[in-house]
Amino acid sequence: MDALNPQLLLLAIVAPAAAALALVAGLPERLVKPCAVAGFGLPAAIALWLWSHFPEPAAIPAAHLGFAFYSLRALGLEKLGIHLVLGLNGVSLPLFVLAGIVGLAAGLYAVRSGAGRLRAYLMLLLVMQAGLLGAFASIDIFFFYFFHELALIPTFIMTGVWGTRAPGDNRYAAMKMAVYLTLGAMLSLVGLIAICQKSGVESFDLINLRLALAGAPLGVSLQKHIFGLLLFGFGILVSLWPFHTWAPLGYGAAPSSAAMLHAGVLKKFGLYGLIQIALPLIPAGATTAFTVHGIPVTWTCVLAVLALGNVLVIGLVTMAQADLKQMIGFGSVMHMGYAFLGIACFSAMGAGGVVMLMVGHGLSVALLFLLATSIHHRTQTFDLSEMGGLARHAPVLAAFFAAATLAGIGLPGFANFWGELMIFVAVWKLSPWIAAAAVLGIIISAVYGLRAVARVFFGPPTEAFARAAVARPPADLSWGERLPALILLAALLFIGFWPRSIAAPLDRALPAIMAPAAQATSHAAR
Amino acid sequence: MTFAQLAAIVLLLPLASAAGIALFLRRRGGAAAFVSVASAAGILAASFCLVFGPRDFPASVEWLRLGGLTVSFGVKFDDLAALMLFVVSFVGFFIHVFSLGYMRDDAARARFFGGLSVFMFSMCGIVLADNLLMLFVFWELVGFSSYLLIGHWHERRSAADAAKKAFIVNRVGDFGFLLGIIACYWLNGTVNFGELAAKSAAGGLVFSRAIPLLLFCGALGKSAQMPLHVWLPDAMEGPTPVSALIHAATMVAAGIYMLCRIQVLMVPQALTVILWIGVATALYAAVCAMVQSDIKKVLAYSTLSQLGYMAAAFGLGGLERPGNPAAGAAVAMTAGAAAAMFHLMTHAFFKALLFLGSGSVIHACHHEQDIFRMGGLARRMPWTFAAFTAGVFAIIGMPFFAGFFSKDAILYLAFAKNTPAFAVLVLTAVLTAAYMTRLWRTTFFGEARSEPAAHARESGAVMVIPLVVLAVGAALGGYGFFRDTLFCGVFDGVFRSLPEPEGAAHWTMIAIGAGAMLAGAGFAFGYYRPAAADRLQSSVPVVFGGLAVFKESFDRAYGYYVAKVQQRLAMLLNLVDQILFAGWMVRGTASIAGLLGVGARLMQNGKLHVYVYWFLAGVALLWGIAAGAF
């Protein structure tokens with residue numbers, strides 16, 4: 001049975017792609033929805049299966065460096081040192097599971113969304129899902145990048161065509177996202193190619209690179225340059241302040257399922273890249289100081305400062321938002337600041353916290369975008385000042401939204417709490433003052449989160465909404481909306497109450513990944 | 001069944017009840033109420049087994065281990081936890097029963113009882129936690145249940161605002177609390193109470209002023225001490241049983257309990273800060289209570305004041321060796337901590353009683369809460385009146401009632417250690433007697449001053465029985481035989497350290513306590529005749545107005561900060577974000593991207609599909625190169 005698992009991993013990536021092809025190939029209309037559901041359901045089931053069957057470290061061959069379900073396939077690109085190498089380690093497993101779960105929820109929501117040209121919409125979403133699963137399952141850096149692009153492109157198209165704003169605004173948002181994200185992707189691509197080129201290994205295989213660079217690391221000066229490229233390249237993809245403006249705008253315009261997949265899963269790609277690739281391969285580049293006008297600076301310092309910009313500046317900006325979807329977008333940008341801080345800690349605790357936070361944040365922000373669209377169906381607006389009193393008509397929707405908000409602001413019992421906690425503890429080691437500034441975020445996020453809950457659901461309804469409600473009483477969450485929401489909420493609670501389910505494999509994987517970073521840190525200290 | 005399993009049941013029963021209600025009983029209020037009350041009864045039974053069982057049984061599992069940090073989920077069950085668990089489960093159960101009657105006609109009864117179960121789960125978690133991180137988890141969860149229950153009638157804007165305010169103000173406190181936990185973790189290498197105590201006994205504990213003060217921030221929020229007290233009066237928007245359970249008897253006392261838990265980390269400077277914040281809160285809140293006309297608001301300010309008493313008692317520290325816990329004892333309690341816990345227990349009885357009594361009154365008067373529109377209820381509601389009277393006597397320190405003994409212990413400790421604090425606390429005691437007598441007299445005596453009050457009828461048995469039980473507690477809870485004979489001394493680890501005056505000091509203290517009570521009560525009984533308006537307001541409006549402004553000052557200052565500073569800063573940053581980054585930077589970036597090549601320029605024309613072609617062409621090219629086509 002265990003021998004099948006690597007094949008299942010491939011199947012999880014192929015299934016949505018095959019479903020997308022089937023949709024393009026002219027599947028009969030009545031089979032479109034079942035086919036799409038299968039395309040999302042199968043990877044989710046496989047992800048859960050692989051999660052529950054993730055082997056003990058002793059059962060993983062030492063040559064695979066902690067990557068389980070390993071498989072290597074030649075696809076005709078051997079001359080360039082490129083193979084389709086798949087596998088999951090403790091860092092990628094949680095994200096793979098995240099992709100599976102959020103993909104299923106987004107798919108189920110999309111099937112019932114009533115979007116125009118549903119076939120094309122589902123096709124793009126399936127392509128995105130294949131890309132996401134592939135990016136997190138790839139050990140070969142080329143495919144890691146390729147799958148990311150595969151997932152990225154549908155976002156632009158979906159935002160431009162199926163966006164929730166006025167057509168012109170949708171196009172502008174899609175264009176802006178495309179410019180930013182392409183730029184970020186290109187910067188990181190240059191960095192990745194540089195690593196592979198300079199390593200002297202004729203291969204894009206992360207395992208080979210890790211083995212080679214552990215013995216003979218790149219020159220420190222080179223590492224510094226490459227780390228800068230990766231930091232800003234990946235940083236833009238994750239909406240590092242001040243390169244974040246694409247995110248709220250793009251998410252505000254993107255259709256709900258695309259926003260769920262992008263904000264929930266795809267955006268984590270940059271953080272994942274920093275942890276899985278940058279930290280083990282070029283750690284000295286981050287911890288070695290260079291001088292700016294005679295002041296010694298390291299990339300970790302730069303990262304920590306910018307990350308505080310995410311937490312504090314964007315946190316305050318989030319408070320000023322009047323549009324529900326924009327607010328969720330800004331809130332998501334703010335929480336990425338915690339993730340960057342966790343990486344800046346350069347410790348296993350910090351990196352582990354980042355992975356935990358990625359999972360929690362991905363689930364909660366996907367749930368928030370889903371519910372925001374459900375709210376829009378009932379109020380016909382995203383403007384917070386025009387809402388109020390929806391809880392009276394839709395108590396289940398209110399409960400879900402409140403739960404998602406509380407998860408997002410780090411209430412214990414939900415997955416996000418553990419990530420935030422680990423990061424706060426780790427950041428103290430960096431500097432107690434930075435930790436204090438970061439922990440301020442728990443107040444800021446409570447302010448805007450609870451304000452939104454109160455505006456939308458509590459109090460007396462606004463006049464406009466009361467009139468609309470009389471004409472057409474808004475119904476509570478239907479089962480088509482409730483099922484995907486329930487999937488996400490259940491996952492949030494499960495990890496919140498049982499964090500070990502994700503943390504145990506992660507904890508076993510981190511020491512090896514962080515060993516070069518720890519070495520670099522102690523070296524820099526000396 | 002082992003005792004560890006019993007402790008697990010205390011946590012799992014209410015959790016299962018809450019989950020069951022949320023999933024299956026949303027529309028069945030009656031069944032939800034039954035499940036919730038049954039779970040509270042189960043907690044009470046299990047906690048009695050635990051209270052009379054052994055102490056410090058091993059019960060700990062690893063909850064999370066990641067990157068060197070381990071968070072364990074464990075139980076530390078000593079006499080302190082036993083006392084607190086008894087208070088929570090006993091008072092909690094009777095408030096559940098009372099709610100059956102009080103919330104009978106509520107449309108969202110299931111949500112209410114589900115919320116109560118969430119609260120019981122989180123509160124028991126705080127009591128049983130064996131380390132600070134686990135305590136913090138449940139600490140936040142009681143904050144959530146408090147949010148849920150304050151906002152129970154969320155259609156009212158004021159209730160929704162009060163819920164939000166409570167959560168956010170508590171988060172401000174938790175900001176410091178969390179930093180304190182993290183500081184403790186890095187400085188001492190552990191946040192486990194047992195390990196901290198062991199380190200302290202071995203002399204290996206790292207003391208720092210920052211740790212206890214940061215941890216105290218958590219108590220500032222949760223126990224509503226100045227300057228974070230502003231949420232508690234507003235929290236009275238919640239249903240009255242919630243005010244009794246969460247905002248009087250148990251949750252707000254969790255801050256005091258937490259301080260007793262982390263006693264080994266205390267340093268003298270921190271104790272001094274805690275003492276004076278407690279003293280200031282006690283006095284300020286007592287003054288505010290003098291000018292309230294809403295029956296629940298009077299009780300809310302009185303809760304603040306009593307919590308200030310407890311914090312002050314804790315801050316007074318030990319009697320023999322100041323700031324140095326008695327080494328070697330199983331539970332190293334200072335005299336101050338013991339007095340604080342003693343007052344916490346008696347306060348839980350009498351304040352829960354007073355709130356439930358006020359709930360009975362409010363219920364009978366069709367949700368009229370203004371005491372000047374009540375009157376003459378003593379005749380119409382004899383049981384409620386009798387029970388409420390016991391509560392009033394207990395809180396004002398009438399000799400032979402529970403509050404007399406616990407307040408006496410605190411006053412004596414202050415007398416022995418800190419004269420200025422003693423003077424303020426005695427003044428507070430005078431004021432306490434005054435505002436409670438004012439409330440009591442105006443509500444229950446004279447003629448009915450409104451239609452609902454004239455037609456008030458005694459509440460049903462399901463509401464009266466909890467009142468009677470708590471009244472017995474408020475009358476007898478302070479006596480030695482209550483804890484020594486009835487409870488066989490199982491709480492001795494706490495009460496052993498109680499400060500008890502001897503000889504002449506004994507009589508001095510009784511005289512001062514009784515004198516303060518008589519002065520306050522006598523003045524109020526004579527001054528406040530049952531009337532339709534506050535006599536102080538009509539005869540000396542300057543004083544009354546001044547006190548009202550004094551009361552408002554904190555809310556005004558915070559309101560000013562939020563509206564004029566925080567919100568404006570947020571708007572400004574938003575503007576900067578939009579103009580600078582969205583406008584200028586994206587154009588800049590776009591032009592760079594434009595220079596980068598044709599592909600990017602094509603994208604700017606809005607033709608997105610072109611990008612897809614470029615991507616596919618790139619892939620094909622790469623594949624071609626690799627396959628050796630070129």
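User: Where is Pro227(B) found?

Analyst: Pro227(B) sits in the loop between helix 8 (210-222) and helix 9 (231-234) of chain B. Keep in mind as we go that this is a predicted model.

User: What kind of peptide bond joins Met226(B) and Pro227(B)?

Analyst: The way to read a peptide bond is through omega. Met226(B) and Pro227(B) are joined by a cis bond, with omega about 0°. Chain A has a case too: the bond from Trp241(A) to Pro242(A) is cis, with omega near 0°. Pro242(A) belongs to the loop between helix 8 (220-237) and helix 9 (246-253) of chain A.

User: Back in chain B, what is the phi of Ala224(B)?

Analyst: About 55°, a positive value although Ala224(B) is not a glycine. You'll find Ala224(B) in the loop between helix 8 and helix 9 of chain B. Phe400(B) is not a glycine either, and has a positive phi of about 80°. Its loop runs between helix 16 (382-396) and helix 17 (402-417) of chain B.

User: Is Ala224(B) buried or exposed? And is Phe400(B) buried or exposed?

Analyst: Count C-beta neighbours: 20 or more within 10 Å means buried, and 12 or fewer means exposed. Ala224(B) has 29 such neighbours, so it counts as buried. Phe400(B) has 12, so it counts as exposed. Across chain B, buried residues make up 56% of the 630 residues.

User: Why does Leu467(B) count as buried?

Analyst: Because 26 other C-beta atoms lie within 10 Å of it. Leu467(B) is part of helix 20 (residues 461-476) of chain B. Leaving out residues up to four places away in sequence, it touches Leu353(B), Leu356(B), Gly357(B), Ser360(B), Trp383(B), Thr384(B) and Ala387(B). Take Gly357(B) from that list: it is 110 residues from Leu467(B) along the chain, yet their C-alpha atoms are separated by 6.8 Å.

User: What share of the contacts in chain B comes from residues 24 or more positions apart?

Analyst: Among contacts with a separation of 6 or more, such pairs account for 81%. As for the elements in chain B, there are 27 helices and two strands.

User: At what angle do helix 10 and helix 14 of chain B pack?

Analyst: For a helix pair, look at the angle, the distance between axes and the handedness. Helix 10 (residues 240-249) and helix 14 (residues 335-364) of chain B pack at about 160°, with their axes 9 Å apart. These two helices of chain B, helix 10 and helix 14, are therefore roughly antiparallel to each other. Helix 10 of chain B passes helix 14 of chain B in a right-handed crossing. Among the residues that meet are Ala244(B) and Ala248(B) from helix 10 of chain B, and Ala352(B), Phe355(B) and Gly359(B) from helix 14 of chain B. By class, this contact has nine nonpolar, four polar and one charged residues.

User: And in chain A, at what angle do helix 5 and helix 10 pack?

Analyst: Helix 5 (residues 141-162) and helix 10 (residues 256-266) of chain A pack at about 145°, with axes 10 Å apart. The crossing of helix 5 and helix 10 of chain A is left-handed. The contact includes Leu152(A) and Met158(A) of helix 5 of chain A, and His262(A) of helix 10 of chain A. The residues of this contact between helix 5 and helix 10 of chain A divide into five nonpolar, three polar and no charged.

User: How many residues of chain B are in contact with chain A?

Analyst: There are 53 in chain B, and they contact 62 residues of chain A. Several elements of chain B supply at least two residues each to that side, including strand 1 (60-66), helix 25 (541-596) and helix 27 (608-627). Helix 6 of chain B gives the most, with 14 residues. By class, the side of chain B that touches chain A has 36 nonpolar, nine polar and eight charged residues.

User: What pLDDT does chain B average?

Analyst: It averages 84, and 90% of the residues score at least 70. For the model itself, ipTM is 0.91 and pTM is 0.90.

Notes
Residues are numbered from 1 along each chain as its sequence is written. Chains are lettered from A and ligands numbered from 1 in the order in which they are written. This is a predicted model: local features need pLDDT of at least 70, side-chain atom pairs count only at pLDDT 80 or more; totals for chains, interfaces and linings use all residues. Helices (H or I, at least four residues) and strands (E, at least two) are DSSP runs, numbered from the N terminus. Two residues are in contact if their C-beta atoms, placed from the backbone, lie within 7 Å. pLDDT is the predictor's confidence in each residue, from 0 to 100. Ala, Val, Leu, Ile, Met, Phe, Trp, Tyr, Cys and Pro count as nonpolar, Asp, Glu, Lys and Arg as charged, and the others, Gly among them, as polar. Axes are lines fitted to C-alpha atoms, for helices over the stretch in contact, and angles run from 0 to 180 degrees between N-to-C directions. A crossing is left-handed if the near helix is turned anticlockwise from the far one by less than a right angle, and right-handed if clockwise. Angles under 35 degrees count as roughly parallel, over 145 as roughly antiparallel, 65 to 115 as roughly perpendicular and the rest as oblique.
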